[in-house]
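These are my notebook entries on one structure. I set down what I looked up, topic by topic.

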Amino acid sequence: MHLYSGLYRKILLLVLLVSVQIDTSVADINKNFHFLQLPFEGLSHHTVNCIFQDEKGFLWLGTINGLNKFDGYSYQVYQAKENLEKGLSNNYINSINQDAKENLWIGTKYGLNIFSQDQDQFITYFPKLNDPNSISNSNIEIIYRDKNNRMWVGTWGGLSLYREETDDFINYIHDSQDENSLSGDVVTSIMEDSQGRLWIGTAFSGLNMLDLSTNRIKRFKKDETKNNCISGNSISAIYEDEKGQIWVGVEQGGLNRFEEKTQTFKWYLNEEKTNSIASNTVYSIIEDENGELMVGGMNGGISVYNGSEDNFSRYDTYGNYNPFGSKASVFCHYKLKTGEVVIATSNGGVKIQDNYPADINLYRNVEGNARSLPMNNVSAICEDKSGNYWIGTYGGGLSYFDAQTKQFKLFPAFKDKTVNCLYLDKKNVLWIGTLENGLAKYEPKSNQFTYYRSNTEDAESISANLVTAVIGGDYGLWVGTDHGVNFFDIESGKFTHFESTDYKNKKVDIGKVNAFLIDYTYKLWVATETGLFSFDEENKKFRPYDRRNLNTDSNQGWISYLYEDKHQHIWMNSLDGTVSLLNINRKPVDISISNPNYEITGVTNILEDFNGYLWITARQGLLKCSMNYDNYSIHVLNSFDVNDGLQGELFNNRAGIVSKKTGEILIGGLEGLNKFNPNQMNLNPNAPPVFITDIKVNGKELKIRDEKDISQLEKIDLSGKEAATIDFSFTALNYVKPLKTQYAYKLEGYDENWQYAGNKRMASYANLPAGNYNLKVRASNNDGIWNNHGSNLKINIMPVIWETTGFKLGVMSVALLAITLGFVGYKRVMKRREGLVSILEMVSGNHTGGLSRDSHDKVFIEKVVKFVESNITNEDLSIEALCNEMGLSRAKLFRDVKKITGKTVSGFIKDIRLEKAKLYLDDNPRSVSEVAYTIGFKSHAHFSRSFKEKFGVSPSAYVLET
C-alpha cells in the first residue's frame, strides 16, 4: 500500500510500533549529550513537526495544531480561525523558512502562508484552476531557500519555484513520458549542495538531482537487482556534510551515503548490534557544532555517526547511552546560530542541546550497587594524601571514594549510621564524629575502629556522645559536642572538658559546638549555638566574642559556620542566614554585594579555589564569586542549580572541600555528592540578542501604525499628556536555561546609572517630562556573558499644547498675560521641583540620621521612591511587591527603611503618595477625589484626613491657597 510521507508519519504517531533489538554488548561512548526540555506550557501542541530560527533569533515551532513563536520564556501562538482574513490557512504545519526580506514562509496541509512580521499578517497561496503558474498543490511538505535566495516549495503536486517579479510559480511535475521530469509529484525534501545541484526527495518515487545550470534531472530509484542503488523510494531527509558528502534518509530504508565517483549509494541499516544505526526510518540529519553527524528517526532517539569506524553510537534525547534504543521518535533537528541542536520528538515537545554544561559530576546511591554512595545525604568530606576521599553521610555511615575508579567502598563494621564530621590527622588516622557513639578512630593499616564514648563514672571521658566537630591541636584533638568543647590527649586517651566560661563576671555556657577554625595565628575559634568563642592559650580558657560586634539580625548567638580565606579574613554564618566577616585584625566589616539583584543567605560552605574565586553554597544554589577586599564587595560571577547537575537545592554545613592535590571541589547535600573542577567549568560564550517586545502606555498596549512588530521599532512618539506611565517588556533570546538570564536597562536622559533588573524583563517609568530619551536594554546569557550592545529605542515625549513653541509665541502677543502666565508657570515649576526634592529629603525631616547625597542610603531611597511612583495608582500595592523589587527580605526592608527614614515601610509609602498628591495639586489642579484615586487612596475621606495630618491643611484648602 502506498503511503505518502506525511500520512505515514501520522499513522506512526498513533501506533508507534516498537521493534527492539537486544544486545548485551556495550559500545564505546565518546560523547555525552546534554539536552534541556523547552517548556510545554503555552505550546499549541506537544508534537512538533518543524523548527526554524529567524534572522533575529526567535524560534518558530510548527506543530500539528498551530504555529508558535518562542522567545525563551513563552509562546505566541498563531492558529487558523474561521472567517479570519489574512490569517493562517491551516493549523497542521509541515515546514517553516524565511526569505531574503525576512518574511516567514509556512507550509501547511492546506495552503502556503507568507507571514510579514512587520505587518503581522499572512498572505496565502492556493492552486488556481487552469493556472499553470499557481502553486502546484495546497498540501505543502517542504520549503527551501537556495543560495540565490530563491524559494522552492515541495508539495503533493510537485516542486514549485516562486517568482517574485510576477508573484507566481514555475512548477516541476512528474511526466510519465519525460524521463527528465520529476520521478514523482509528492516532494518531501529539498537540498542544494555545494556544487549548485538541487536534490529533491519524493514519497515512494525516489530521489532526483536537478542540475540548475542545464535544468536537467537525474533520477535515483531502488532497484531490487542492485545492491548499490538507493535503499528505498520514500525519501525523508537529505543533507550535505562539511566534507561535501551527501546523506539521504529513507523511510524503512535507513541511511544512505552517496558515492560521487560511482554515482552509487552505501547503505546503513539497523542490525542486531548496538553500533548500527538505531532506526531504519530516518527523519532528520544534521551536523552538530563539533561536525558529528546526528541522525534522528522513528523509535531510535539519536544515532551519531563515527566516521573513523564507519559505525554509530546511539543516544536517547536526554543524553544517556541506551543500548536498546530510545523509544523517542526524533522528527526533526535544527541547529541554532549559536550552535545548539534543537530536537523535536514524538509528543515530547522540543529539547535543546546544552553545548556548555557545567561539567558537575553527581554521585548518588544506586539501589543494588554496593559500590555507589551508601546514602544521598552527605554530611562530611575529607581528602587523604593519595587524593581520594572519606565521605560521611547521615544514615549511610562511612565510605571511601576512589577518585580514579569513581567507586565507593563501604564500611559495614562501622557502628554508627550518622557521621557528623571527619578529620584526618598527619599520621593518616581518621577521626569521626558520630551521633550516638562519641568520637571514633579508624586506622587504615589495621582496618580497626576504636570508639571513645561518654562514661558518667569517668570524668575524663568525652562529655557527650554526640560529636559535631573535630580539629587537630598541638598535642591532641579539639572535639566539639552538644555539651561544649573537649580537648582529647591522644597519648593518654583523656578528655578535658570546656562546657562553660566566665565573661564579665557571669557564667556563659558554650553549648552545642557547630564548627572549629584554627586561624593563621594558630588561634582556635569555636562557633556554637550561644555565639563565637576564641581560646585563650595563656589562661587555658575560652573567651566569648562580643555579640554586639557581629553583623547579625536575630539569633545573634548562633554561629553555624566558620571559614578563613587566603586573606586571613574569617567568614561566619548565623542561624538566620546572615553572613558576617572579621578582618585580619578580627574586627567586623560590612559586606555588600555588587550585584544588586543577588542576595546571599543561608550560607553552608565557602570554598576558595586555586585562582582565588569563592564558591559559596547558599539558599540561592552554588555561586561563583569574586571578592573586592578594598571595599568588601562580593561580585557574583555565575550561579548554578539543579539544571547544571547540582544534587539539589540544600547543601549541608561544612560538607565541602577543595582538593589540595587537584583543585577539584566536592560538596555534599541532602540529595548526593557533587564533584567538579573549577578550571573546567564550561561557559556559554554566546551573548544573546535583546529585543523590546511590548510597550504599554497607561496600562494599555501601544498601537503602532501599520501594525509593525514592536521588536522592529527604532523610535516612538508619545504625548506627554496621555503617557502618565510607560511599561516596557523585553527579552533576550537565550534558549539554554533562560531563567538565569540577567537584564539591565537605562533610560538615557532620565537615569543616571544602569538599572539591574535580575531576571525581570520589564522597566516602568511614570510622568516623564517632555523631551527625547533613549531606552537601552542589555542582557547576559545563563553564564553571565553580557550583550552590551543590546537594544535601543528612541522615545520622544511630545509636550502638551501649552509647552509648544507655537503656543508660547501666541501667548507672547499679549504681554501682560504672558508675564502673568510666566509667573504662574514659574511658581508651579518651583513648587514641583520643591515637591520632587521633598520626596527624597523628607527622610531627614523627622529623623536624626539625615540623608547624605553621596551615601548608599540615597541610592536605596531613590529606588524605593521610583518603584512606588511607578505603581502610584495601585491602591493594593503590597510590601511584598516592594521586597521583590528591592531583592530584600521583609525584615531587611523594614530595618533599612526604619534606619534611614525613621519611618515604617507603610508610613514611608504613604508619605510618597501624599507628596505626589501635593505635586498634582500644584502642577495641574484637579478635583480632590480624582487626585485621591490617582495616587492610590481608596477613599476621599481617608485621603483628606491623611493630607491634613501631613501638611496641616485640607487638600481643598490647599488648592485654594495655591
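**Contacts and overall content.** I began with contacts, meaning heavy atoms within 4.5 Å. Among those between residues at least 6 apart in sequence, 54% join residues at least 24 apart. The model is predicted, so I note that local features need pLDDT of at least 70 and side-chain atom pairs count only at pLDDT 80 or more, while totals for chains, interfaces and linings use all residues. Residues are numbered from 1 along each chain as its sequence is written, and side-chain values use heavy atoms, with hydrogens and water left out.

I looked up the secondary structure and found ten helices and 68 strands. Helices (H or I, at least four residues) and strands (E, at least two) are DSSP runs, numbered from the N terminus. The protein has 962 residues, and 54% of them count as buried. Buried means under 20% relative accessible area, exposed over 50%, and partly exposed in between, with a 1.4 Å probe and protein chains only.

**Nonpolar cores.** I then asked which residues touch the most other members of the largest nonpolar core. Of its 33 residues, they are Phe-860, Leu-882, Leu-893 and Phe-943. Such a core is a set of buried Ala, Val, Leu, Ile, Met, Phe, Trp, Tyr and Cys residues joined through side-chain atoms within 4.5 Å. Two or more residues each come from helices H4 (856–870), H5 (879–886), H6 (890–901), H7 (905–923), H8 (928–934) and H9. H7 gives the largest share, eight residues.

I followed Leu-882 beyond its neighbours within four places in sequence and recorded contacts with Val-864, Phe-867, Leu-893, Val-905 and Ile-909. A second, separate core has 32 residues, including Trp-60, Tyr-75, Phe-691 and Leu-733.

**Helix H9.** I checked the span of H9, residues 940–951: its twelve residues reach 16 Å from the first C-alpha to the last, close to the 16 Å expected at 1.5 Å a residue. The expected span is 1.5 Å times one less than the number of residues. The buried residues of H9 are Phe-943, Ser-944, Ser-946 and Phe-947. Gly-952 follows the helix with a positive phi, near 80°.

I traced a four-stranded open sheet in the order E30-E31-E32-E33, with antiparallel pairing. E30 (378–383) and E33 (407–410) are the edge strands, each with a single partner, so one side of each is left without a neighbour in the sheet. Within this sheet, E31 (389–393) and E32 (398–402) run antiparallel and are joined by four bridges; two strands pair if DSSP finds at least two bridges between them. Tyr-389 stands opposite Phe-401 in E32.

I traced another open sheet of four strands, ordered E48-E49-E50-E51 and antiparallel in its pairing. Here E48 (559–564) and E51 (588–589) stand at the edges; each has a single partner strand, so one side of each lacks a neighbour in the sheet. E50 (579–582) pairs with E51 over two bridges in the antiparallel sense. I noted Val-589 in E51 as the bridge partner of Leu-581.

**Cysteines.** How many disulfides does a search of the whole structure find? I record zero, a disulfide being a pair of cysteine sulfur atoms within 2.5 Å. For Cys-50, which is in no disulfide, the nearest cysteine sulfur is that of Cys-332, 6.6 Å away. Cys-50 counts as buried at 7% relative accessibility. Cys-625 is also buried, with a relative accessible area of 0%.
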